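Here is a quick tour of the model, from the overall picture down to a single loop residue. Keep the structure open as you read.

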Amino acid sequence: MSDLTPPAAPLQEARYAGRFLFWAGIGLLVLWVLVPIWFLFINALSAPSEVTSFPKRFWPSFDMASLQFFWNFQGVTNALWNSVKVAVLTMILSIGMGAPAGYALSRFDFPGKEFFRVLVIMTRAFPLPLLALPLAVMFIRTGLDDTILGLALVHAMLALPFAVLITYSLFSGIPVELEEAAWTLGCTRLQAFIKVVLPLALPGIMASAVFAFVISWNEVFAAAVLTIENRTLTAFLLQSLNVSPLPLKFAGGAALVMPALIFIFAVRKYLFAMWGIANR
Amino acid sequence: MAEIVIKGVAKSFGAFTALHSVDLTIADQEFMVLLGASGCGKTTLLRIIAGLETPSQGEVWIGGRRVDHLPPRARGIAMVFQNYAVFPHLTVFENIAFGLRMAKLPQADVTRRVMRTAELMHIEQLLKRYSGELSGGQRQRVAVARALAMEPDVILMDEPLSNLDALLRLEMRAELKGVLAESKTTTIYVTHDQVEAMSLADRISVMNGGYIVQADRPTEVYRNPAARFVGSFIGNPPMNFLPARKGNNGRWHVAGQDFDGPKAQAAEFAIRPEDLHPAPIGLRAEVRVVEPLGPHTLVTAQVAGQPFRAILESDNQIKPGEEITLAPIPDRIRWFDPETHKAIT
């Protein structure tokens with residue numbers, strides 16, 4: 001026993017160091033995400049005079065002046081409404097196209113299936129700035145420029161890979177025997193889908209819709225390039241960045257982040273499912 | 001009336017042939033078991049009959065109607081799946097009522113039929129529950145009740161008991177047999193469990209490598225295997241096989257003994273382990289392992305260098321290492337062609 005003790009001490013030390021690194025890593029990651037959010041909210045919920053002050057208080061003073069100013073700022077409500085419209089349309093488009101694709105991927109074998117899966121993700125690898133100019137030209141020609149639909153189409157393209165992958169994993173999680181049982185019990189393929197698959201997949205489809213909503217809600221580049229009059233909130237804030245006072249920026253930022261955070265938190269379980277992590 | 005006729009049904013998945021031109025007729029109200037190891041094509045055949053799989057060629061007739069171009073819903077069948085496939089978003093009641101509602105039966109009829117089948121399967125008290133609140137055995141009952149409620153001409157069952165634990169399986173087996181006999185449907189039942197097959201079937205179709213090797217009554221399949229495979233697949237332990245050599249006197253030399261046999265050029269000797277008994281004259285066997293199993297004793301030995309098993313009376317005093325002589329019951333000896341592996345009669 002005694003000759004085993006000396007190497008045990010460095011081992012203990014290494015384990016300590018490992019654990020320290022582990023928690024330090026987690027701490028860093030958490031701070032990385034939380035500190036900007038904290039800054040955003042503390043400034044948005046404080047009086048405009050406090051925004052530039054230092055040191056910061058940990059809890060905001062819950063002064064609504066900044067938010068009120070933001071709300072009454074010329075064009076904000078309009079931009080907010082545009083954002084909602086584009087996001088809802090994106091949601092409908094990306095689920096309308098993505099869910100059937102996800103279903104086909106999970107249920108059918110067809111040539112080029114794997115290639116298609118890779119292709120779907122590859123659309124995200126294509127840089128949007130490169131696409132922006134030809135897209136703008138094309139939109140002007142077809143009259144889609146500066147319209148809600150035009151922007152929603154671009155956003156749907158951004159959200160589509162996620163819609164396809166999330167619904168693919170959702171449908172794959174529903175045993176095909178359930179559908180087959182429905183067929184033997186008198187259902188057509190469509191009836192079986194509506195009566196059996198849809199009720200089971202609905203929560204996940206909603207989640208993937210919410211995710212598409214958030215992608216559109218937060219998207220700024222395409223929105224800034226493709227709209228002039230009908231700006232969404234992100235494009236509007238970007239446009240007025242250098243002319244607007246600091247409290248407005250923070251309030252706008254908070255207004256943008258808040259719904260996204262809430263939505264993503266609500267559907268987090270399904271987003272994990274996209275990467276094949278079993279959801280509990 | 002629902003006789004099922006399968007004519008030359010074949011199925012390939014790419015380069016793999018799951019079924020080679022299968023012909024089978026199943027009589028009205030017959031209980032047919034498709035028995036074979038996994039990958040033998042039994043489930044594929046069942047799924048083709050159900051309409052869940054399209055045959056590459058061949059015809060399927062149910063009740064005098066050709067159905068191989070029809071979707072499952074138009075075939076007058078009901079199916080019980082291996083994993084039960086109980087709809088998790090519906091109550092047990094709604095699960096059983098599902099097919100009846102699809103058939104647009106009036107509510108009163110739906111309720112009556114659901115109650116009756118639920119009673120039959122002893123699940124009346126579970127009707128308000130969801131699948132997640134049921135045990136495996138209860139789910140199994142729901143799946144069978146759902147199929148029975150349809151009052152189908154044909155019930156197809158794909159290894160319905162294989163996910164249950166041993167005790168429950170035994171109980172459900174007996175119950176299924178009673179319920180299905182009463183329902184007067186034609187049943188096709190897929191299993192890899194030979195005991196299940198023997199105990200349930202009117203006829204067993206033994207399948208191997210995409211072929212039906214033998215389709216006959218259970219005792220016949222057991223006593224007179226049509227092929228070496230059937231003898232080696234059915235029976236626990238399976239049949240013993242020994243090479244045989246034709247002697248000058250027209251009899252067959254097997255491990256130093258002479259037996260009367262067929263008039264063929266070449267043959268293989270086969271005997272079931274329980275058709276042997278210790279006797280002064282017989283096959284000389286070197287005992288390796290003795291396993292007392294209660295009602296009888298399983299002896300694993302070597303005869304002429306081949307593994308050889310015998311099921312003997314449990315009051316014998318045989319010990320490993322001993323040499324014994326085992327005499328086969330003459331009319332239980334079977335002969336197989338060493339080339340084609342088919343039975344020689």
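## Chain B overall

Of the 345 residues in chain B, 50% are buried, where buried means under 20% relative accessible area, exposed over 50%, and partly exposed in between (1.4 Å probe, protein chains only). This is a predicted model, so local features need pLDDT of at least 70 and side-chain atom pairs count only at pLDDT 80 or more, while totals for chains, interfaces and linings use all residues. Residues are numbered from 1 along each chain as its sequence is written, chains are lettered from A and ligands numbered from 1 in the order in which they are written, and side-chain values use heavy atoms, with hydrogens and water left out.

Taken along the principal axes, the C-alpha atoms of chain B fill a box of roughly 75 × 45 × 35 Å. Look at contacts (heavy atoms within 4.5 Å) between residues at least 6 apart in the sequence of chain B, and 64% of them join residues at least 24 apart.

## Surface and charge

Chain B exposes about 15700 Å², with carbon and sulfur atoms supplying 51% of it. That area comes from the Shrake-Rupley method with a 1.4 Å probe.

As for charge, chain B has 38 positive and 39 negative charges, and their mean positions are 4 Å apart. Lys and Arg count as positive and Asp and Glu as negative, leaving out His and the chain ends; each charge is placed at NZ of Lys, CZ of Arg, CG of Asp or CD of Glu.

## A four-stranded sheet

In chain B, four strands line up as S11-S15-S20-S21 in an open, antiparallel sheet. At its edges sit strand S11 (240–243) and strand S21 (343–344) of chain B, each pairing on one side only. Two strands pair if DSSP finds at least two bridges between them.

Strand S20 (residues 334–336) of chain B joins S21(B) through two bridges in the antiparallel sense. One detail to pick out: B:Trp335 has B:Ile344 in S21(B) as its bridge partner.

## A loop residue

Where is B:Thr91? In chain B, the loop between strand S6 (77–80) and helix H2 (92–102) holds B:Thr91. With a relative accessible area of 18%, B:Thr91 counts as buried. Apart from its neighbours within four places in sequence, B:Thr91 is in contact with B:Leu127, B:Lys128, B:Arg129 and B:Tyr130.
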